[in-house]
Amino acid sequence: MRTLYIGLISGTSMDGVDAALVDCSGAEPRLAGTHKGEYSEELAARLRTAARSKGRCALAEAAALDAEVAAAFAETALALLDAAGCDPAEVEAIGSHGQTLWHAPDARLPHTVQIGSPARVAALTGMITVGEFRSADMALGGQGAPLAPVFHKWLFGHPQETRAVVNIGGIANLSVLAADGDVAGYDTGPGNTLLDAWARTCRGESYDRDGQWARSGKVNAELLTRLLSDEYFSAPAPKSTGPEHFNLHWLERAGISDKAPEDVQATLAELTAVGIADAVDLSCAGAALAVCGGGASNSFLMERLAARCSGPRPVTTAEWGVHPDWVEAAGFALLARARLLGEPGNDPAVTGASTAIPLGGVFLPS
Ligand SMILES: Nc1ncnc2c1ncn2[C@@H]1O[C@H](COP(=O)(O)OP(=O)(O)O)[C@@H](O)[C@H]1O
Ligand SMILES: [Mg+2]
C-alpha cells in the first residue's frame, strides 16, 4: 500500500487549481500524478473582482466565494485521482492551500485570507484535509509567507551545494537552500501579476504567451528605475507581498500614460527579471538557480532572467526532478504530511515567526 498525499493550490494569478499527487512511500517524495482544474469564467471573474477590491469585497460575496472555491478544489482533487487511476483510500490527506484574497503581513496584527473552506473540501472528497497553512505562523509574529523555502528544501536540497529556487507565480519568491540544511527566502516582488494585468487591460488576454508582446517592446530605463525605487525591493527580509501592493494602480502611479503599451510590458518583464536577479545576487550570489511556477514557461522572461543573473544560467526545476508547474502543489502535499506527523512546516528564519511549528488545521470528512 502506497502512502499518498494530495496538494492543491491556486496562486495569486488565479489561473486555475494545481493538483499534485505525491507518493511518500519511499525515501524521496515522488510525483505520482498531476491535474489542472479550471475555475469557471464566472468564478474567475468574481475572484479577480474580489482580489482587486482593495479588501472591500462584501463579506457575503467572500463567504460565497469561500464555498465555491472549495467546490472547485474538491472537484480538482477527485479529477486528479481519476486521472491517476488512484483509489481514494490510498490517500492519507489533502493539503489545500486555498485561494489567497488578501495578505496583510505588516498590519498591526498581521493577517491573511485564504478561501476554499477545507471543511468543505474534506466533506466533498471524503478525505482528511489540512488547510489554513499560514495563520499559525502569523499568529506567532511571522509573515505567513513564503512557505515554499521549507518544501523546496525537501524537494531540491543538496548536501554538497547551495541551491536557489525561484517560484515565478503572480508574485516571485526566492528560496536559498544551503548545503548544511539552512534555508532562507522571501518574496522578491512581482512575478507575473503585473504582466498579466497589463496584458488583460491592453489586449484582453489573460497572459502574454511566451512573453511575445513584451519581446516586441523596448525597456524604458527611466520607468524601470522608478519602479525599482519602490521601497519593497530594498527592504530587508523577512518580507512578503502580493497584488495588494503590486497592482495596476501602483504601475499607473509611476507614470505610464505617455508610454507605448508594449514598452510598458517589456519594462515589466525586465522588472521581474531584475527583481529576482538582484535578490539572488544579494542572498546567494553564484548559487545554482532553478525556476518553477508559470513564469518558467515564459521563454522571454527566462531569457531576460539569464541575461540579468551574474551566476550560473538558470534552469527550470524539471532539471532537478520536478516539472515547474507542480512544485508548489507538491509542496502543500508535503506540508499536509508534516502536519499529520507533527513536524514543523515553517522556518522562523524565513517568516520571522517566533518558533517553528506544524502548519495547518486538520479537517475530517465526517
Ligand atoms: N507560456 C507562458 N507564457 C507566458 N506566461 C506564462 C506561460 N504559462 C504560464 N504563464 C504565466 O504563469 C502564470 C501562472 O503561474 P502560476 O505559477 O500558476 O502562478 P500562481 O501561483 O500565482 O497561480 C500565468 O498567469 C502566466 O502569467
Ligand atoms: Mg496558478
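Reply: Let us begin with a definition: helices (H or I, at least four residues) and strands (E, at least two) are DSSP runs, numbered from the N terminus. Please keep in mind that this is a predicted model.

Me: In which loop is Glu 132 found?

Reply: Glu 132 is found in the loop that joins strand 6 (129-131) to helix 4.

Me: What is the phi of Glu 132 near?

Reply: In general, most residues other than glycine have a negative phi. Here, the phi of Glu 132 is near 60 degrees, which is a positive value in a residue other than glycine.

Me: Is the peptide bond from Ala 145 to Pro 146 cis or trans?

Reply: The general idea is that most peptide bonds are trans. The bond from Ala 145 to Pro 146, however, is cis, with omega near -15 degrees. Pro 146 belongs to the loop between helix 4 (135-139) and helix 5 (148-156). The bond from Ala 237 to Pro 238 is also cis, and its omega is near 0 degrees. Pro 238 lies in the loop between helix 9 (231-234) and helix 10 (248-253).

Me: At what angle do helix 2 and helix 3 pack?

Reply: One considers the angle together with the distance between the axes. Helix 2 (residues 59-84) packs against helix 3 (residues 118-125) at about 40 degrees, and their axes are 8 Å apart. Helix 2 is therefore oblique to helix 3. The crossing of the two helices is right-handed.

Me: Which residues make the contact between helix 2 and helix 3?

Reply: From helix 2 come Ala 67, Ala 70, Ala 71, Phe 73, Ala 74, Ala 77 and Leu 78, while helix 3 provides Arg 120, Val 121, Leu 124 and Thr 125. Sorted by class, the contact has nine nonpolar residues, one polar and one charged.

Me: Which domains does the domain assignment give?

Reply: The assignment gives domain 1 (4-147 + 325-363) and domain 2 (148-313). Their C-alpha centres lie 23 Å apart.

Me: How many residues of domain 1 are in contact with domain 2, and what area is buried between them?

Reply: Contact involves 30 residues of domain 1 and 30 residues of domain 2. The area buried between the domains is about 2,300 Å², with carbon and sulfur atoms giving 61% of it. Within domain 1, the residues that lose the most area to domain 2 are Pro 146, Val 327 and Glu 328, together 22% of what that side buries.

Notes. Residues are numbered from 1 along each chain as its sequence is written. Chains are lettered from A and ligands numbered from 1 in the order in which they are written. This is a predicted model: local features need pLDDT of at least 70, side-chain atom pairs count only at pLDDT 80 or more; totals for chains, interfaces and linings use all residues. Side-chain values use heavy atoms; hydrogens and water are left out. Axes are lines fitted to C-alpha atoms, for helices over the stretch in contact, and angles run from 0 to 180 degrees between N-to-C directions. Angles under 35 degrees count as roughly parallel, over 145 as roughly antiparallel, 65 to 115 as roughly perpendicular and the rest as oblique. A crossing is left-handed if the near helix is turned anticlockwise from the far one by less than a right angle, and right-handed if clockwise. Contact means heavy atoms within 4.5 Å. Ala, Val, Leu, Ile, Met, Phe, Trp, Tyr, Cys and Pro count as nonpolar, Asp, Glu, Lys and Arg as charged, and the others, Gly among them, as polar. Domain bounds come from an automatic or database domain assignment. Buried area is the accessible area (1.4 Å probe) that two parts lose on being put together, summed over both.
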